[in-house]
Amino acid sequence: SGEELKVEGIIPHVIEPSLGLDRAFLAFLMDAYEEDELGNDKRTVLKLHPKLAPVKIAVFPLMANKENLVKKAKEVYEKLWTIDYGLSTVSWDDIGNVGKRYRRQDEIGTPWCVTVDYQTLEDNTVTIRDRDIGKQIRHPISELEKYFCDRI
């Protein structure tokens, strides 16, 4: 009847249904990529399942120029590095402030960040930050292996 059909606001996307690791990986990446708000900040986050995340845990000192914090954070890092989480890595990050470190880890899909701060030096607990909800908890260093193994 001469009328034109206009379709607006549709973004076509196709995942080719053939076998192969690259296509499955692309599907996981597309599904995990999000832009959201945490607090009042916009962020880019890769919400990979912990079993798929190439970096499971990032460890960093609250301040990179405080020798006592860096030393303790390195001890925690080395302890976590020796635990087998199944094809995983533990990352060290001491560049920039803690907020920037969290954002950097969010972008690469790291599920948990462990921060060594001044309270760590007093009571041997660390702050664990969950990527997906941004919640932070205090946890004893001696129980970190169980904490992460239960979640991975």
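This is a predicted model: local features need pLDDT of at least 70, side-chain atom pairs count only at pLDDT 80 or more; totals for chains, interfaces and linings use all residues.
User: Hi! How do strands β1 and β2 pair?
Analyst: They pair in the antiparallel sense, over six bridges. Strand β1 covers residues 33–38, and strand β2 covers residues 41–46.

User: Which residue in β2 stands opposite Y33?
Analyst: That would be L46.

User: And how many residues sit between β1 and β2?
Analyst: Two, and the strands form a hairpin around them. In the turn, G39 has a positive phi of about 70°.

User: Switching to helices: how far does α2 reach?
Analyst: Helix α2 runs over residues 67–81, and its 15 residues reach 21 Å from the first C-alpha to the last. That is close to the 21 Å expected at 1.5 Å a residue.

User: Which residues of α2 are buried?
Analyst: They are L69, V70, K72, A73, V76, Y77 and L80. These residues lie on the same side of α2, because they cover an arc of only 165° around the axis.

User: Why would residues three or four places apart point the same way?
Analyst: An α-helix has 3.6 residues a turn, so residues at that spacing point the same way.

User: What do the buried residues of α2 pack against?
Analyst: Several elements, including β3 (55–61), β4 (89–92) and α5 (144–151).

User: Which exposed residues are on the face turned away from the buried side?
Analyst: E67 and K71 are the exposed residues that this face of α2 carries.

User: New topic: how many disulfides are there?
Analyst: The count comes to zero.

User: Is C113 buried or exposed?
Analyst: C113 counts as buried, because its relative accessibility is 2%, under the 20% cut-off. C149 is partly exposed, with a relative accessible area of 36%.

Notes. Residues are numbered from 1 along each chain as its sequence is written. Side-chain values use heavy atoms; hydrogens and water are left out. Two strands pair if DSSP finds at least two bridges between them. Helices (H or I, at least four residues) and strands (E, at least two) are DSSP runs, numbered from the N terminus. A disulfide is a pair of cysteine sulfur atoms within 2.5 Å. Buried means under 20% relative accessible area, exposed over 50%, partly exposed in between (1.4 Å probe, protein chains only). The expected span of a helix is 1.5 Å times one less than its number of residues. The arc is that of the directions from the helix axis to the C-beta atoms. Contact means heavy atoms within 4.5 Å.
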